[in-house]
Amino acid sequence: MDRPDLRRFTLAGLLCAALVASAGAPAAVPSEVQRALLERDYGRAASLLEPLATAADPDAQYELARLYEQGRGVPEDPVHALRLLEAAAARGHAPATFLAATMLEKGRGADVDPAGARRLYERAAAAGYLPARRRLEASVAEMSATPRLS
């Protein structure tokens with residue numbers, strides 16, 4: 001294989017990897033689900049995820065929650081999404097814990113609950129989930145920048 005072909009081959013491999021990464025499906029969900037998400041066939045992905053989520057698979061609960069939260073392939077239902085996220089979080093799924101915290105912070109799927117959101121951010125950060133650590137650091141910075149009344 002000459003150099004231009006090797007570069008094309010490498011570029012194609014990198015493009016495929018980027019597409020898979022952008023689909024957002026973790027490796028723990030079945031490849032058929034990953035394929036449906038990659039193809040943006042969200043209805044089929046939801047159908048495949050539903051029985052897995054019902055069987056308490058935290059990866060499936062997280063992925064299905066994302067579909068319900070965004071209304072992709074299923075009716076938008078933030079309340080159901082939050083329930084699924086809380087179930088996955090109870091099983092130690094750090095990204096689900098983080099997304100549940102974000103929803104509580106914004107009042108999506110439940111009333112705004114800053115204390116509950118903070119507890120979930122802390123749990124996700126303790127599990128080593130970097131976005132949760134960053135969010136907690138940002139909230140500390142926001143609090144220190146807020147003027148105090150004397």
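Helices here are DSSP runs of H or I with at least four residues, and they are numbered from the N terminus. Okay, with that said, hi everyone. What we have is a predicted model, where local features need pLDDT of at least 70 and side-chain atom pairs count only at pLDDT 80 or more, while totals for chains, interfaces and linings use all residues. Residues are numbered from 1 along each chain as its sequence is written, and side-chain values use heavy atoms, with hydrogens and water left out.

Confidence comes next. pLDDT is the predictor's confidence in each residue, from 0 to 100. The mean for the protein chain is 85, and 77% of its residues reach 70 or more. Over residues 6-27, though, pLDDT is below 50, and beyond near neighbours in sequence that stretch has 14 contacts in the model (a contact being heavy atoms within 4.5 Å). Where pLDDT is low, the predicted coordinates should not be read in detail.

Now to helix α2, residues 31-38. Which of its residues are buried? Val 33, Ala 36 and Leu 37 are, and buried means under 20% relative accessible area, with exposed over 50% and partly exposed in between, using a 1.4 Å probe on protein chains only. Looking down the axis of α2, these buried residues fall within an arc of 100 degrees, so they line one face of the helix; the arc is taken from the directions from the helix axis to the C-beta atoms. After α2 comes Arg 40, with a positive phi near 60 degrees.

On to charges. A salt bridge here is a side-chain nitrogen of Lys or Arg within 4 Å of a carboxyl oxygen of Asp or Glu, and the structure holds seven. One of them pairs Arg 108 with Glu 69 at 2.9 Å, N to O. That pair links distant parts of the chain, 39 residues apart: Arg 108 is in the loop between α6 (94-106) and α7 (114-126), and Glu 69 is in helix α4. Glu 69 is buried at 18% relative accessible area, while Arg 108 is partly exposed at 27%.

Another joins Arg 118 to Glu 122 at 3.2 Å. They sit four residues apart in helix α7, so about one helical turn separates them.

Last stop: Asp 59, in helix α4, residues 58-70. Asp 59 is buried yet has no salt bridge. How far away is the nearest side chain of opposite charge? That is Arg 66, 10 Å away, counting Lys and Arg as positive, Asp and Glu as negative, and leaving out His and the chain ends.

Key. Helix = DSSP H or I, 4+ residues; strand = E, 2+ residues; numbered from the N terminus.
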